[in-house]
Amino acid sequence: MKNTENTVDHIDKEPQVYEVGYHIVPIVSEDDLGARVTAIRDVLEAHGAVSIADEYPKHMDLTYEMVKVASNKRAKYTSAYFGWIKFQTIPSEIKAIEEGLRKNNDILRFILVKTVRENTMVSKKILMHKRGEERPEEPKAPVVEKPALSAEELDKTIENLVIE
């Protein structure tokens, strides 16, 4: 009979790759944005995480209004700064990292997922055509209509995907 307890302990101590995507509230000034990102990195590093890759936050409009409660006050936001950090740490530290990020009042929302070390971003291909040259016709995929999700359904789906 195999000792599964030792196997589980070994897996828990083996570093895994994770990615955190975050929205920082838009009331943070561009000058202070670096300090807010450093605070997020500090949470990760305090729990032994090693950064692999990242993207500095960029200002963007949100698809729908989001509410953040901080210091017993509700604030509504329609834009935020979005950035991400890919890092490596042991799985037993994820709960503590998640709790540290949740306590940060500058973070409007974040998602923490397990991923792979390799770059999974798809680059946009820009095809340049000479003036007067005909563009090749692209095959058209059949249109399949899907019912739109409400904001609540979308939130619930996202929460189901977040690492527990």
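Two strands are said to pair if DSSP finds at least two bridges between them. Helices (H or I, at least four residues) and strands (E, at least two) are themselves DSSP runs, numbered from the N terminus. The model described here is predicted, so local features need a pLDDT of at least 70 and side-chain atom pairs count only at pLDDT 80 or more, while totals for chains, interfaces and linings use all residues. Residues are numbered from 1 along each chain as its sequence is written, and side-chain values use heavy atoms, with hydrogens and water left out.

S1 and strand S4 (residues 107–114) pair in the antiparallel sense over seven bridges, and Tyr-22 has Phe-110 in S4 as its bridge partner. S1 is also joined to strand S3 (residues 73–89), again antiparallel, by nine bridges; here Gln-16 stands opposite Thr-89. Eight of the nine residues of S1 are buried, so the strand is largely enclosed by the rest of the structure. Buried means under 20% relative accessible area, exposed means over 50%, and partly exposed lies in between (1.4 Å probe, protein chains only).

The next element is helix H2 (residues 33–46). Its 14 residues reach 20 Å from the first C-alpha to the last, close to the 20 Å expected at 1.5 Å a residue; the expected span is 1.5 Å times one less than the number of residues. Leu-33, Val-37, Ile-40, Val-43 and Leu-44 of H2 are buried. They cover an arc of only 110° around the axis, which puts them on the same side of H2; the arc is that of the directions from the helix axis to the C-beta atoms. An α-helix has 3.6 residues a turn, so residues three or four places apart point the same way. On the other side of H2, Glu-45 and Ala-46 are exposed. The buried residues of H2 pack against S1, strand S2 (50–70), S3, helix H3 (94–102) and S4, where contact means heavy atoms within 4.5 Å.

The structure holds five salt bridges, each a side-chain nitrogen of Lys or Arg within 4 Å of a carboxyl oxygen of Asp or Glu. One of them joins Asp-106 and Arg-36 (2.7 Å, N to O). Asp-106 lies in the loop between H3 and S4 and Arg-36 in H2, so the pair ties together parts that are 70 residues apart in sequence. Another salt bridge joins Arg-109 and Asp-155 (3.0 Å, N to O). This pair links Arg-109 in S4 with Asp-155 in helix H4 (residues 151–161), 46 residues apart.
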